[in-house]
Amino acid sequence: MKYKRILLKLSGEALMGDKNFGIDNSRLLQYANEIKSISELGVQIAIVVGGGNIFRGVQAEQGGMERTQGDYMGMLATMVNSMALQASLESVGMETRLQSAIEMKEIAEPFIRRKAVRHLEKNRIVIFGAGSGNPYFTTDSAASLRAIEVDADVILKGTRVDGIYTADPEKDPSAQKYDKLTFDEAYSKGLSIMDMTAFTLCKENNLPIIVFDMNTPGNLMKVIHGTEEGTLVEA
Ligand code: GTP
């Protein structure tokens, strides 16, 4: 396999499956099984989940709520998703540890980098909840930060689109997919892969990003083996 330690970023919306809100248990179980299959190969797995299926801080601000309040609510939403994912992974026999960036010690370990790394070395799946613990940062930024902190080989951004396109493929049928891009190309073409904070963290720390379709069974396994799947962004 090409990657030994990965950080998998899952979007909150993806957990909704075909529902309009909340968590679709069958989607969750599908993800758990995909993750299990690569864990059994010995891949060390850290995960960050978004919270958009439950709450979005940015939209709350548009509704008149103070941004920081909305962002903290979004962080709690990521904890709900993280706990659901943890339960699902445990239901398929995986060992997991959940660490939270905001202290809530009754339900999760606090984020301790050295402990997270030890868990990974013991092949426990480590889920990082509550984003980075700070308002004004997205879960993509939290994922980039944690990936760098635990020295992951790559950040895998699981989406419902199978990579980065010249235009939005859901709107423009002539859009073409990129197999590979450099950080500079992605930046100069104005392609939105992650928000700028997240993107810059990856670029400055030489952390490759793969954007791929997480909903098609077997794709995660292909990515781990280095089969050309999705779009690879690297230096
Ligand atoms: P090692 O023994 O170091 O390999 O790791 P471990 O995670 O098994 O040890 P630890 O005794 O720290 O954890 C045992 C269990 O308690 C695990 O399920 C942890 O996730 C959990 N745990 C550890 N610290 C906390 C905490 O502060 N809050 C909560 N809720 N659970 C914790």
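Visitor: Which residues of H1 and H3 meet in this predicted model?

Guide: Contact means heavy atoms within 4.5 Å, and the model to which this is applied here is a predicted one. On the H3 side the residues that take part are Ala84, Leu85, Ser88, Leu89 and Ser91, and those that meet them from H1 are Leu28, Leu29, Ala32 and Ile35. By class, this contact of H1 with H3 has two polar residues, no charged ones and, as the remaining class, seven nonpolar residues.

Visitor: What is the handedness of the crossing of H5 and H7?

Guide: The axes of helix H5, residues 139-149, and helix H7, residues 196-204, cross at roughly 20° and come within 7 Å, so the two helices are roughly parallel to each other. Asp140, Ser141, Ser144, Leu145 and Ile148 of H5 make the contact with Thr197, Ala198, Leu201 and Cys202 of H7. The crossing of these two helices, H5 and H7, is left-handed.

Visitor: How many charged residues are in the lining of the second largest pocket?

Guide: The second largest pocket holds about 180 Å³ of space, and among its 13 lining residues Gly226, Thr227, Glu228, Glu229 and Leu232 are the closest to its centre. By class, the lining has four nonpolar and four polar residues, and the charged residues number five.

How values were computed. Residues numbered from 1 in each chain as written. Predicted model: local features only at pLDDT ≥ 70, side-chain atom pairs only at ≥ 80, totals over all residues. Heavy atoms only, no water. Helix = DSSP H or I, 4+ residues; strand = E, 2+ residues; numbered from the N terminus. Nonpolar A, V, L, I, M, F, W, Y, C, P; charged D, E, K, R; others polar. 1 Å grid on protein atoms, 1.4 Å probe; cavity = no way out; pocket = protein on both sides within 12 Å on 5 of 7 lines; lining within 4 Å. Points joined across faces, edges and corners; volume = space filled by probe spheres on them. Axes fitted to C-alpha atoms, helices over the stretch in contact; angles between N-to-C directions. Parallel < 35°, antiparallel > 145°, perpendicular 65-115°, else oblique. Left-handed = near helix turned anticlockwise from the far one by under 90°.
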